[in-house]
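Student: I have a model to go through. Can we test each label against its cut-off?

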Amino acid sequence: MSGAFFPYLMAVLWLALAAAGVYLFGRLRRLEGKRDSLTALYLDQQQQQISALQRDVARLQSRFEHQAQGESGLSPYNQAIEMIRQGLTASEVASRCGISRSEAELIVSLYRNSPTS
């Protein structure tokens, strides 16, 4: 009787092994999904931190440039005149000196071709 029981025992063991494999495969897939969502969350947090740091750097750079302009003793308009004489465009001068584009264009028209350049 034990010889006839062995094939059934093997079949049951193979079925148990297959069920365990299916369970482990499903568990692995769920863990991979959790890993992917945690990775995406981590990357999103890192991107937010990078963006905040970039804003801080830009703010500090702007503050530094304004302090440097103030220390140079030149008014924004005198700085604009110097920049225009160096060949910068009205847009560049306006953004660097903190003046309006129309003011920069006026300075261009007055000083770009002046004989004192």
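Student: What percentage of the 117 residues of the protein count as buried?

Tutor: 13% of the 117 residues do. Buried means under 20% relative accessible area, exposed means over 50%, and partly exposed lies in between (1.4 Å probe, protein chains only). This is a predicted model: local features need pLDDT of at least 70, side-chain atom pairs count only at pLDDT 80 or more, and totals for chains, interfaces and linings use all residues. Residues are numbered from 1 along each chain as its sequence is written, and side-chain values use heavy atoms, with hydrogens and water left out.

Student: What is the mean pLDDT of the protein?

Tutor: The mean is 87, and 89% of the residues reach 70 or more. pLDDT is the predictor's confidence in each residue, from 0 to 100.

Student: Why is L17 called exposed?

Tutor: L17 has a relative accessible area of 52%. The cut-off is over 50%, so L17 is exposed. L17 sits in helix α1, residues 2-71.

Student: What makes F5, F6, Y8, L9, M10, L13, W14 and L17 a patch?

Tutor: They form a nonpolar patch on the surface, with about 900 Å² of accessible area together. Patch residues have over 30% relative accessible area and no salt bridge; nonpolar side chains (Val, Leu, Ile, Met, Phe, Trp, Tyr) are joined within 5 Å, like charges within 9 Å. Areas come from the Shrake-Rupley method with a 1.4 Å probe; for residues, only the protein chains shown count as cover.

Student: How do you know that E82 and R85 form a salt bridge?

Tutor: Their N to O distance is 3.9 Å. A salt bridge needs a side-chain nitrogen of Lys or Arg within 4 Å of a carboxyl oxygen of Asp or Glu, so this pair qualifies. E82 and R85 are 3 residues apart in helix α2, about one helical turn. E82, at 37% relative accessibility, counts as partly exposed.

Student: Which residues of α3 are buried?

Tutor: A90, V93, A94 and C97 are the buried residues of helix α3, residues 90-97. They cover an arc of only 100° around the axis, so they lie on the same side of α3. The arc is that of the directions from the helix axis to the C-beta atoms.

Conventions:
Helices (H or I, at least four residues) and strands (E, at least two) are DSSP runs, numbered from the N terminus.
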